[in-house]
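User: Hi! I am new to protein structures and would like to learn how to read salt bridges. Could you walk me through an example?

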Amino acid sequence: MTLKERVIVEAYTGYCMTTGEEREELYKYIANAMERPIFSHELADEEILSELHDKVKTDFIRLCRGEDVEA
């Protein structure tokens with residue numbers, strides 16, 4: 001699984017798929033999806049998680065279908 005794929009899965013499911021410096025890519029992806037920077041403590045907020053889930057769902061579904069996901 002590529003880093004991009006792991007980032008999408010983590011953003012959608014909440015299961016940790018990245019470590020170390022890879023986490024930077026996760027936060028870039030989340031910030032892009034949410035259209036603002038997201039701080040780690042915000043990921044404990046159910047409202048934020050629900051919004052994030054909705055915003056990354058399309059990428060997750062495309063990934064599951066084996067389709068290309070935009071970088």
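Analyst: Happy to! Let's begin with a pair inside a helix: Lys28 and Glu25 are three residues apart in helix H2, so about one helical turn separates them. Before going on, please note that this is a predicted model, in which local features need pLDDT of at least 70 and side-chain atom pairs count only at pLDDT 80 or more, while totals for chains, interfaces and linings use all residues. Residues are numbered from 1 along each chain as its sequence is written, and side-chain values use heavy atoms, with hydrogens and water left out.

User: What is a helix here, and what is a salt bridge?

Analyst: Helices (H or I, at least four residues) and strands (E, at least two) are DSSP runs, numbered from the N terminus. A salt bridge is a side-chain nitrogen of Lys or Arg within 4 Å of a carboxyl oxygen of Asp or Glu. Lys28 and Glu25 form one, with their closest N and O atoms 3.5 Å apart.

User: How many salt bridges does that rule give?

Analyst: The count is six. Among the residues involved, Glu24, Glu25 and Lys28 are linked in a network.

User: Are Lys28 and Glu25 buried, exposed or partly exposed?

Analyst: Here are the cut-offs: buried means under 20% relative accessible area, exposed means over 50%, and partly exposed is in between (1.4 Å probe, protein chains only). Lys28 has 46% relative accessibility, so it counts as partly exposed. Glu25 is partly exposed too, at 34%.

User: Which residue does Lys55 pair with?

Analyst: Its partner is Glu51, and the N to O distance in this salt bridge is 3.5 Å. Both residues belong to helix H3 (residues 46–65), where they are four residues apart, about one turn of the helix. Lys55 is partly exposed at 37%, and Glu51 is partly exposed at 36%.

User: What about Glu10 and Arg23?

Analyst: Their side chains meet in a salt bridge with an N to O distance of 2.3 Å. This pair links distant parts of the chain, 13 residues apart: Glu10 is in helix H1 (residues 3–13) and Arg23 is in helix H2 (residues 22–34). Glu10 is buried, with a relative accessible area of 8%, whereas Arg23 is partly exposed at 24%.

User: Where is Glu35, and what is its phi value?

Analyst: Glu35 is in the loop between H2 and H3. Its phi is near 65°, a positive value in a residue other than glycine. Glu35 is also exposed, with a relative accessible area of 69%.
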